[in-house]
Amino acid sequence: MSDESATHPPDGRTLEPALSPDAGTQPEVHVRAPALEMRGITKRYPGVLANDNISLDVKPGEIHALLGENGAGKTTLMNILYGLARPDDGAILLDGEEVRIAGPSDAIARGISMVHQHFMLVPVLTVAENILLGDETMANPIFLDRKEANERIRLLGQRFGFDIDPAEKVGRLSVGWQQRVEILKAIYRDARIMVLDEPTAVLTPQETKEIFAVLRRLADEGHSIIFISHKLYEVLEIADRITVIRRGRVVGERVPADTDEDDLAQLMVGRDVQLIVDRGESHPTDIALVVDHLSVKNDRGNEVVRDVGFEVRSGEILGIAGVAGNGQDELVEAIVGLRRPSGGRIELDGHDATHMGPRQMHTLGLSFVPADRHRFGLVLSYSLTDNLVLTDYYAPPYARGIVRDDAASHARAVEAIEQFDVRTPSADVTAGTLSGGNQQKLVVAREFDRDLRLLVLDQPTRGLDVGSIEFIHRQTIKKRDAGTAIVLVSAELDEVLELSDRIAVMYRGQIVAVRDGRTADREEIGLLMATGGRKVVAGEAAS
Amino acid sequence: MIARAVRLLSLPLGAILLALVVGAIVMIASSPLVTGHFDVTLPLTTYWALIEGSLLSFNAIVDTIVNAAPLILVGLAVGLGFKAGLFNIGGQGQFLVGAVAAAGTGAALAGSPTAIAVPVALLAGMVAGALYGFIPGFLKAYTGAHEVVTTIMLNYVAIQIVSFLITGPLRAPGASFARSDDVGNAALPAVLNAGSGHPGHIGIFVPFLVVPLIWWLLFKTTAGFELRTVGANPDAALYAGMRPRRVIVLALTFGGMLAGLAGSIEILGVTGYMPAAYSTNIGFDAITVALLGRAHPVGILLGGLLLGAMRAGAGLMQIQAGIPVQMIDLLQGVILFFLAADVIVRRVFRVKAADVGVDELQTVTSSYAGKAPAG
């Protein structure tokens, strides 16, 4: 993408800050007014100043990144822009004119459009139907002219470089493509200002690249884009300008050329953050986990893990790298006992664990941090206390016979909350009231805080802010040094590279390569993830 | 604690209040048919008669509890389902098979000593109800058959079972209509002599024992924790090593047992025999009770008492205000309507969804798109 940056319109980088009073008044210089300007936005919620005098402007054709930790006030600000919340103070200007945005439909009418983290699509309708849904300009309001509609959507997609089949049902598309449908919907509605809320949270690195190309294309056509993220390298890659928010205030504005990840992290968190945790030396001892010729089927009955074998020793981290959907989920579920293998063998500490359920594995000393904490890891309507004993509730000291011991559970909760730095008013509030980072810390606290033989981490830091990532990485290293065998599955290649002692690359259900974690080459692993290594192996043989 | 209770109660209380308003409007609108002119005081007369007939005398209170007892027990059966993420509409059928089992056993033991006849007849009703709850539970857990569909169907089957047994093997010889024999010594002894209306049989104390027991099971035991976890998040339950399928079977079986107990108490304590054409609406009234009580045992106790009081006061209401007893069905229907359409209640009384938490309603609405549990 770096070769494209030369062709960017220069206005995003070279102009005066938009708040400068004469920016729009010099007639001789052709200066476009910001497409959007938010001035001194303040929003109070009971007990919280969510937005404290935030000012932000976005120029036509600019990609403006809004960077901040979870809970910093990014979402509140965007809700105000989208008319979902009313500011207590401040003004919103579109093309230099002050406007009052009454609600989402008003925002859409003014050309503001939002692409949410959770897509607002109807899975059983086709791409074209989703995009045209609610469009009043279609000639016949009851019956859609499918042929014409499909053609229109296809052309629109082509203009932005993606070949989309308008007749495909949205439910059959991957998340990456669903996101493109959302973006296409925004374009179709003539959105001049597009807000993308953490658009890459659900995407693979490859999909992220493709979406970035689309965004750049949109910007080149004059659309203004607000890109919300807490991923530093992404922001540096895609943004023309970066505004950093912390605790409801703007703490800095940067252009990518004059900043780096450390600078941004420091702005965002308010202190020095070690982005890469020092993993130190590992001292592997006895074999804890053996996976031997393992095959696993997915829910549809397809064999998505084929003849996989590896060993993990106590005191080492085996990273499993791979693009999401290459069988990692099923592999992990088989290891932790949530899914029956269709063939092969799993051994934990010398015990045959092939057909054990989660409870038995837990008793043998297995802990598991699931990728989807809302689905598997937590009961959101439960208190932190109940969540912290979710896997131990039945055993002493948390229960005597069938009677639970509330006092013992509570004591454990208070201790774990303290030790793992879960930010919460008390152990009695429900897990659903915590931020994503704190929810994950809660899961980590439950799973790490016991005597362990094997720890399985599935996407342990997905969607978290840098502070929480640092914390979880440190705890992982600590567990390894205490002699726990660790399996780390992550679609974030950087995470695997930073933590693993050995790296296994998974591609189409098979482990195609194992590399040493300290000497592994990022490019090579990336290629292995993308191609399974056939070409690489051929290339190596030739050279 | 108190703040939480107020939050939990805001939705049911709002629904009751709105239902009373709707009832008042209906009464005023129809008052010309009774008095010849619009009578704006008619609702006050009516509601006062309801209160008088259900609360303001010893007899009235006994009558209220007699009416409330089966509602509370079947309400608990529905409520347990809600807690486990299940919508049990089969209270009706479970009540009926429990009733017919108790009637048959009671008639067979009519000559035995009460100390034997009563417990055995009650037990028979509970076992029958439990078996009848086990069927949809097993089907749900191991075949994925939806409990809403199976329990509704089993309600019709139960009616036919009752009709077959009472017109056939259990029919009292020489009776002028199809009915079972009197339960004789298996009848629940009357301990509160209310003089008129229903006798205050000993069975009316049962709900006051069962409610604390269910509360304890749900909130203090590991089994209750498992049940609530399966209801709140079946995937997390599986992950935590629980067995959702077993929990589903147990929740519906145990609920069936409570509904069967309610049927037994009704036969052994109130009617004394079972007619072939036994007609009841209790399965559906119990859904109102469970929703009114927010699926919480104490709430269900209160909800059952409220509906029981309305039934107990209906007679006096008809006499004093000239309002037909069907008014009670209308009020109850409107309460259920507002409970289901909770958005209306929240709008009128300005309570936020987050403050009241409507898990049991989510079970109702989402149960039509449910999936078979894994594990």
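**Exercise 1.** Describe how helix α11 and helix α13 of chain B pack.

*Solution.* Step 1: In this predicted model, α11 (residues 282-292) and α13 (residues 326-340) of chain B pack at an angle of about 50°, their axes 10 Å apart. Helices (H or I, at least four residues) and strands (E, at least two) are DSSP runs, numbered from the N terminus. Axes are lines fitted to C-alpha atoms, for helices over the stretch in contact, with angles from 0 to 180 degrees between N-to-C directions.

Step 2: α11(B) and α13(B) are therefore oblique to each other (under 35 degrees is roughly parallel, over 145 roughly antiparallel, 65 to 115 roughly perpendicular, the rest oblique).

Step 3: B:Asp285, B:Thr288, B:Leu291 and B:Leu292 of α11(B) meet B:Gln332, B:Ile335, B:Leu336 and B:Leu339 of α13(B); contact means C-beta atoms, placed from the backbone, within 7 Å.

**Exercise 2.** Give the strand order of the open sheet in chain A and name its edges.

*Solution.* Step 1: The order of the six strands is β16-β19-β20-β13-β21-β22 (chain A), with mixed pairing; two strands pair if DSSP finds at least two bridges between them.

Step 2: β16 (366-369) and β22 (510-516) of chain A each have a single partner strand, so one side of each lacks a neighbour in the sheet.

Step 3: Inside the sheet, β13 (residues 317-321) and β21 (residues 502-507) of chain A pair in the parallel sense over four bridges. A:Gly319 has A:Ile503 in β21(A) as its bridge partner.

**Numbering and limits.** Residues are numbered from 1 along each chain as its sequence is written, and chains are lettered from A and ligands numbered from 1 in the order written. Local features need pLDDT of at least 70, side-chain atom pairs count only at pLDDT 80 or more, and totals for chains, interfaces and linings use all residues; pLDDT is the predictor's confidence in each residue, from 0 to 100.

Notes: Contact = placed C-beta atoms within 7 Å.
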